[in-house]
Amino acid sequence: MTVAVPAAVASNGDYTDNVYSGKQDHRAQVCAILEKEDCIPRHVIATEVEWFYDVLGLDDMYFMLENPATVAGHITALYGAQLSSINKANPVSITFDSRHEDGAVFIHNSVPGISKTEGPHFEKLIDAEYLDVSVPQKAYRVESYRSRGKVSKSLDASLRTYFVSACDFVNPSPEGDAATDIAQVSDRTFLAKATPHVLDLYGAVITKVLSRSGPVIVSDELPAGGYRLVIGYRQRSTQGFFSALSDLYHYYNLFTSRKYVEQFSNGVTIVSLYLDLAKHAKRLAAGSGTSSEPSSTPASSCASPLQSAVGLPPTSIEASVGQIMREASLLFCIPNTPFQTLFKTGELSVQEAVYAYAGWVFAQHFLNRLGSEYATLVEILDPADATDVEVLAKLKKRLRQETFTRELILDILLRHRELVKDLYAHFADVHYVSSDMSGSGSRLADRAVGGLVASLSMTRLQDKAPLSTDELLLKITRVTTNDHDAMVMRALLDFNTHVLKTNFYQPTKVALSFRMDPGFLPAIEYPAKPYGLFLVIGNEFRGFHVRFQDVARGGIRIVRSRNAEAFSINQRTLFDENYSLASTQHRKNKDIPEGGSKGTILLNLDAQDRPFVAFEKYIDAILDLLLTGESPGIKNRLVDRLGRNEILFLGPDEGTAGYMDWASQHARKRGASFWKAFTTGKSQALGGIPHDTYGMTTRSVHQYVLGVIRKLELDESACTKFQTGGPDGDLGSNEIKISADRTTAVVDGSGVLYDPQGIDRAELTRLATARQMIQHFDTAKLSPAGFRVLVEDFQVALPDGTLVNDGLSFRNTFHLNRMAAADFFVPCGGRPESIDINNVGQLFEEDGSARFKYVIEGANLFFTQDARLRLEKAGVHLFKDASANKGGVTSSSLEVLAALALNDEAFGRLMCKQDDGSLPAFYQEYVADVQKAIEANAAREFECLWNEALRTGRPKSILSDELSVAIVELRKSLETTNLWDNLPLRRLVMSEALPARLLREIGLDTILERVPLNYLKAIFGAFLASHFVYEYGTSPGQFAFFEFMSRYHAKAQSTDL
C-alpha cells in the first residue's frame, strides 16, 4: 500500500503530526456511501460521521490508510454495537482487523491503563506476525494511537488503532560508518515524520545498542506533560516484548496516548511509549493517599495493584516510569510466562511472575524425584548384578518421568500464588538492592535507613516483613494439602536459600542467571558434589554450567529438539546430562591443571532456529555474575553471598564451535581481564588452536587403537572398524584420515554407509578432507553388498533383501543392528547413553559373543558404565571416554596457558594469525609441542590401564575411573603440602611440565610472574600426580610416593634452574 507523506506539523519537538489534507473529501464520500447503504437512519448520519471524524479523536493516519468504503463500514459497525449495548446492557465491543501484503490495520476499544484478559489480543498478534520476525531484509514498523474521545457514553473506553507497515530502508545493507548513520539505516516514512530531536535521540540509542548486549532504556519528560520511554534492542533478541510492555505500564496505572516501533537496517529495533497516568490512578493520587478507595472498575478486570488486593500506595508518574525502566529488562529476558495472566490481573507483580517462572524451571530439574524408597533399593540390590542394575535404571527413569511433570508443578504454583508471593519476598529480602541504598550483604529491611527513598519494589516488600526460612517452612506445611504440593513449594525455598548471587535485579540484562550453591543436590542421584553451578534462563532457552573444581574448563553445547516429544525428553534429562558430562570431563582432565566443567543450552521448541541468540544471552548472563564492576543505569553491584571472584574457562562443543571468537571478544568488550583465556577453540586470528585442523582429539583416541594393535600384534590394515560420527565432524574426519583399517560402516547425521568388504578408503578420505557427510559419498564405489540409507529415505530394499521402512529410525538404531559388527568400534559421535543396560544385549550374537572385540570410546558418554561392564565381562577390550577422548582438553589447556603467560602484545605477535594470513613460527612450534604432550599423556595412560588390567583382572572401565580419582585426589592433596614452597623442586617440576617452546620464548620466571598462583599450583599438582599414578598404578606400595619424589628432590638439588 502506498501512502502519501503527511504534512509536517511539529508536535512537541517530536514526531510530526499526521495531517490528512484530503480528509474533508474523504468524509463526504463516507456520507454518500452511508446514505446509499441505508443501514443508519438518514437523520443521524451527519451526527455519527461528525462524531467519528471530529469528536472521537482518531489519528489522521487512520483516514489516510483506510478507503471511504472501509471507514463507512466501521461507522456502521460502531453504531450497531452501540445499539446492541443499549438493548442488552452489555458494554460496546469494537474489533476491526484489516491485513494486506505489506502491513495491517487493527482497531479495538480499550480502557486506558487496563490490560485485557479476554477478546482479541492484537498486540500479541503484531508481535508474533510482524515484530518478532523482523530482520533487516524484511521488517515492519508500527504506529499506534489512542483516540482522544470515548467510544460511547456508557463506556470509559477509547479506540486504540495500530498501523503496521513494511519498512522501506534508505540503505538496506549498511556497512562501516553507514551502519551508525541514522539517515542511512532508517525507514523512509520514519525519516519523513521524525524531527531532528528524535533523530538525535534515536541515533544515540542505536549507537549504544550496537555497542553492548541487552536493551537500552531512556526516558524524558514531555513539555506537554507525561513521559516518553524509549527502548532499543537488537532485532530478534526478544519475543513478545511489545505486548508485554503494555501489561507492565498498565500494572503501574499508566497508559499510552501513542506508541511507535521503528526498525533500522542495521538490525536495531526502537520502541517509543508516550506515558501518562490513567484516570483511576489520578483519582487515587489526588485522594487520601491510600489504596482502599473503591474503584468503579470491576475487580476482575484490574491490571493494577492500586485496584486490587496487592496494596501498593499511589505514586507519581516519575516513580512509576522509573520502576518500569528497571523492570523492562525482566520482561526483555522473559516476556511471556504461564504466570502472565496473574500479572495482567494484578495478582502478581512482574517480579513475582518472573520469579515464579524461574522457580518453576528450577523445580522441574531439581525436585528429588527418587525418594527414600529408591535409596533403600540401592542399598539392597547388588550393583555388580546386571539384572539388579537394569531394574534400578528402569525405576529411576520411570520415577523421573511420572512423579512431577512440568504441568503438575505449574498447576501447584498457580494454586498457591500467595505462597509464591511469600517466597518471592524471601528471595528479594536477600538479593534486592535499590540503587539508592548502600551496603550489599545485609537484609533488605536493614538497608532502608537514613531517610533514603525506597523504590516501588521495596515499598511493596515493606508492606509486611518477609517470612524467615523457618517461618516459610511452617507456612508451607500449614497451607499445602498434600505432600506433592509441599515438595514443590519447598523446592522454591531450596532455590532461595542456595542462590549465592543473581543478576535478577540488574538494570539491563538479556537473560536471568543464578550462581547456585550445589548443596541442594541429593547425594543419591549426584554422588559427587560439584564445586559450582550456574542456572541461566532466557526467552529462547534454559541452561546450566557445572564445574567440579575452582580452576576448571569444559565445552558449552547446544541441545536441539526435533519435536515436542524430543524437547520433553531433553528437558527432563538436561541437568543429568550436564552433570555427567562435567563429571566425565573432570576425570578426563586428570593430566591438566583445570578440573572438569560443562555447559548446556537447551533451546526452547520455538527457538530451534536461534542458537546463536541463545548462546549470546547465556554468555552475557554468566558474565554478569563473573564481573564485579558497576556502570550506573547499566550494571549495579550484586548481593554476593559467595564472597570471592570466579573465572570460567569455556570451550566449544556440539553446536558452538563457531561461537568462541564472539564470546572472547564480548568478554573483552565488557572489561574482563581474563578475556584471552575465557574461551578456547577460537579462530587462529585470535590465537586459537583448532582441534579439528590439528586432529587434537583424534591423536589421543587413536593412541588407544594403536596401543591395542601393538599389544595384540594385530595388522591394522586387516582390522575391520565400525564408526559413528561421520567425515563431516572433528573426531570422525580425523579418525578416517589418521587410520589405516578396513572401515565397514559409518553412521553420521545424514544416514548410514555400509560395505562389508570395506568402504572405499580414498572416497572416504575425500569426504573427510572436505568435511562432508556420507550423503555425498559416491555410491558407485560400494561393493554389491554395500549400501547407503539416508535419514529422509523410506521403503529402501537392502542388498540382502531387508526392507528399511524409515531411514531416520534405521540411522538412530544402526549401532544395535547385527550388520554393525567389526573388530573395532570407535564411536566418534552420537547422543549420550546411546548404549545402556537396557539395549547392550543387542550387541551380542546368539552364541553370547560380542559383535566387537575392541571398543575405543571417542564420543563422550556413548556407553553407560553398566553397559561397559557387561561388554568387558564378555571379553571386550574397552577403553572409556574419560581415558581415550582427552586430547582436546590437553590442547585447550595449553591454549589457555599461552593466553595467561603472554601479554597482549606478545600474544598478538606470537599466537595470532597475521594480517597476511601467515601463522607465526612460534605458533606452529607451540602446536607441535601440544601434539607431543597429547600423544605422550595418552600413551602413558594406556600402558597403565593395560598393565593394571593384566595385574588385577579388573575391568578397564573401573580402572579408568579409579585412575582418574587417584590422580585428582592426589593432586588435591598436593595442594595442601609444602612441596610448592620448595623453590628448587618447584622450578624443576614447572620446567618439565611447561611447553618447551614457551619456556624458550619468555622464560620460567616470566611465566611464574604472570600466570595466576592458583593456576600455577594446579599445573604443579597435576604434573606430579599424573606421572606418579601412571608409573605406580592405582594401588601403589606404602613408600612408592616417597620413592617417586626422592628422584625429583635429588634432581632438583643437582640441577641449576
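**View A. Tyr754 stands opposite Phe787 of strand β21.** The model shown here and in the following views is predicted. Strand β20, residues 751-754, pairs with β21 through four bridges, and the sense of this pairing is antiparallel.

**View B. Seven strands form an open sheet with mixed pairing.** The strand order is β21-β20-β19-β18-β24-β25-β26. Strands β21 (787-790) and β26 lie at the edges, each pairing on one side only. From one strand to the next, the twist averages 15°.

**View C. Helix α27 lies across β24, β25 and β26.** The helix comprises residues 696-712, while β24 spans 822-827 and β25 spans 852-856. Relative to β25, helix α27 runs at about 145°.

**View D. Helix α31, residues 865-873, contains the buried residues Ala867, Arg868, Leu871 and Glu872.** Viewed down the axis of α31, these buried residues fall within an arc of 135°, and they therefore line one face of the helix. Their packing partners are the edge strand β26 (877-879), helix α32 (881-884) and helix α36 (956-974).

Conventions:
Residues are numbered from 1 along each chain as its sequence is written. This is a predicted model: local features need pLDDT of at least 70, side-chain atom pairs count only at pLDDT 80 or more; totals for chains, interfaces and linings use all residues. Side-chain values use heavy atoms; hydrogens and water are left out. Buried means under 20% relative accessible area, exposed over 50%, partly exposed in between (1.4 Å probe, protein chains only). Helices (H or I, at least four residues) and strands (E, at least two) are DSSP runs, numbered from the N terminus. The arc is that of the directions from the helix axis to the C-beta atoms. Contact means heavy atoms within 4.5 Å. Two strands pair if DSSP finds at least two bridges between them. Axes are lines fitted to C-alpha atoms, for helices over the stretch in contact, and angles run from 0 to 180 degrees between N-to-C directions.
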